[in-house]
Amino acid sequence: MQGQSRTSVAVADDQAFEVVRDATSVLHTHNLTKVFRSGQQETRPLDGIDLSVERGEMIAIVGPSGSGKSTLLHLLAALDTPTSGEVYFARNSLWSLSEEKLAEYRNRTVGFVWQRHHLLPDFTAAENAAMPLLVRKVALKQSLKAAGEWLGEVGLGDRSEQRAGELSGGEQQRVAIARALVNQPSVLLADEPTGDLDERNAEGIFDLMLRLHHSHRLTTILATHNSSLARRTDRVLALEHGKLAPALEPHPLAGLGNTQFANAGAKTPGERG
Ligand code: ADP
Ligand code: MG
């Protein structure tokens with residue numbers, strides 16, 4: 001094994017998360033617990049989750065509806081706060097970050113794909129995909145150019161100018177994936193990204209996510225109901241009764257693309273420039 005090298009990775013322009021390369025997980029949780037209370041009713045979808053995700057891994061989280069998959073992804077994306085326990089990104093406890101850094105984490109480190117695409121139907125595909133850049137106040141022209149390139153990557157190079165509301169379900173999900181990646185995040189979180197699609201479109205979206213995962217050296221965590229798609233990831237974990245446990249044997253070919261760079265210090269968005 002290589003010696004550990006400490007590198008400051010420019011996740012934010014002016015601030016950096018310290019990343020310990022090699023031998024370390026990029027994202028991990030410790031005793032992560034979420035309790036929802038309404039009146040007398042208490043729901044505990046996450047009950048002491050210890051999850052460790054390696055750089056470059058692709059993980060599927062499976063589990064019945066209501067088991068807490070979305071809750072877990074929202075906590076990993078810092079879109080919600082845990083009741084107790086910690087989420088660490090590159091050894092930084094998320095909830096000890098400043099508001100500014102936390103915003104950077106949400107906007108730039110993590111890309112999120114929802115089951116429903118949440119596109120703005122009256123805006124074009126390019127405008128939708130450019131939204132995270134526009135939020136960061138990147139100039140419109142530059143944002144649309146980057147969005148157009150991502151639309152090309154997701155197979156919609158000729159649809160940039162089309163209104164999102166006029167696209168098919170599968171095409172809309174492709175735009176949502178372009179939008180999730182336009183800031184070049186290092187982590188892609190996807191919450192049942194194929195859940196609303198027919199089998200053929202679901203396959204197509206999954207193939208696309210696999211390809212992007214490898215070509216952009218992402219760390220990807222996706223929740224899915226579809227166990228045959230889940231098996232094509234590196235690792236499948238089942239969430240039930242608040243606990244995560246290994247599930248399903250991975251596909252024999254799963255992860256082959258991953259091992260090519262798993263220990264090679266996959267590049268992060270800052271390094272890709
Ligand atoms: P999944 O994504 O696996 O279907 P969720 O994470 O959406 O499951 O939900 C897990 C449990 O937490 C469910 O019982 C759900 O009703 C409950 N839950 C989720 N979000 C909230 C909330 N904001 N308020 C109260 N209960 C919630
Ligand atoms: Mg859900």
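Q: Is the crossing in which H3 passes H4 left-handed or right-handed?
A: Helices (H or I, at least four residues) and strands (E, at least two) are DSSP runs, numbered from the N terminus. A crossing is left-handed if the near helix is turned anticlockwise from the far one by less than a right angle, and right-handed if clockwise. By this convention, the crossing of H3 with H4 is right-handed.

Q: What pLDDT do local features need in this predicted model?
A: Residues are numbered from 1 along each chain as its sequence is written, while chains are lettered from A and ligands numbered from 1 in the order in which they are written. The model is predicted: totals for chains, interfaces and linings use all residues, side-chain atom pairs count only at pLDDT 80 or more, and local features need a pLDDT of at least 70.

Q: Which orientation class describes H3 and H4?
A: Axes are lines fitted to C-alpha atoms, for helices over the stretch in contact, and angles run from 0 to 180 degrees between N-to-C directions. H3 (residues 125–135) and H4 (residues 140–153) pack at about 120°, their axes being 8 Å apart. Angles under 35 degrees count as roughly parallel, over 145 as roughly antiparallel, 65 to 115 as roughly perpendicular and the rest as oblique. H3 and H4 are therefore oblique.

Q: How many nonpolar residues are there in the contact of H3 with H4?
A: Two residues are in contact if their C-beta atoms, placed from the backbone, lie within 7 Å; H3 contributes residues including Ala129 and Leu133, and H4 residues including Leu144 and Trp150. Ala, Val, Leu, Ile, Met, Phe, Trp, Tyr, Cys and Pro count as nonpolar, Asp, Glu, Lys and Arg as charged, and the others, Gly among them, as polar. The contact has no charged residues, 2 polar ones, and a nonpolar count of 12.

Q: Why is H3 described as largely enclosed by the rest of the structure?
A: A residue is buried if 20 or more other C-beta atoms, placed from the backbone, lie within 10 Å of its own, exposed if 12 or fewer, and partly exposed in between. The buried residues of H3 include Glu127 and Asn128, and the buried set packs against H2 (99–109), H4 and H5. H3 is largely enclosed because its buried residues number 8 of 11.

Q: At what angle do H3 and H5 pack?
A: The contact involves Ala125, Asn128, Ala129, Met131 and Pro132 of H3 with Val175, Ala178 and Arg179 of H5. By class, these comprise 6 nonpolar, 1 polar and 1 charged residues. The crossing is right-handed. With their axes 7 Å apart, H3 and H5 pack at an angle of about 30°.

Q: Which orientation class describes H5 and H6?
A: The axes of H5 (residues 169–181) and H6 come within 10 Å and cross at roughly 20°. That angle makes the two helices roughly parallel.

Q: Which residues does Leu208 touch, not counting residues up to four places away in sequence?
A: Leu208 lies in H6 (residues 199–215) and is partly exposed, with 18 other C-beta atoms within 10 Å. Its C-alpha atom is separated by 8.5 Å from that of Arg174, 34 residues apart along the chain. With the sequence limit applied, the residues touched by Leu208 are Val154, Arg174 and Ile177.

Q: Is Arg217 buried or exposed?
A: Arg217 lies in the loop between H6 and strand E10 (219–223), and its phi is positive, near 50°. Most residues other than glycine have a negative phi. With 20 C-beta neighbours inside 10 Å, Arg217 counts as buried.

Q: Where does Asn31 lie?
A: Asn31 has a positive phi of about 50° although it is not a glycine. With 13 C-beta neighbours inside 10 Å, Asn31 counts as partly exposed. The element that holds Asn31 is strand E3.

Q: Which element supplies the largest share of the shell around ligand 1?
A: A residue is near a molecule or strand if its C-beta atom, placed from the backbone, lies within 6 Å of it; the residues around ligand 1 include Phe36, Thr43, Lys69 and Ser70. The shell divides into 2 nonpolar, 9 polar and 1 charged. Strand E3 (25–38), strand E4 (41–54) and H1 (69–76) each supply at least two residues. The largest share, 3 residues, comes from H1.
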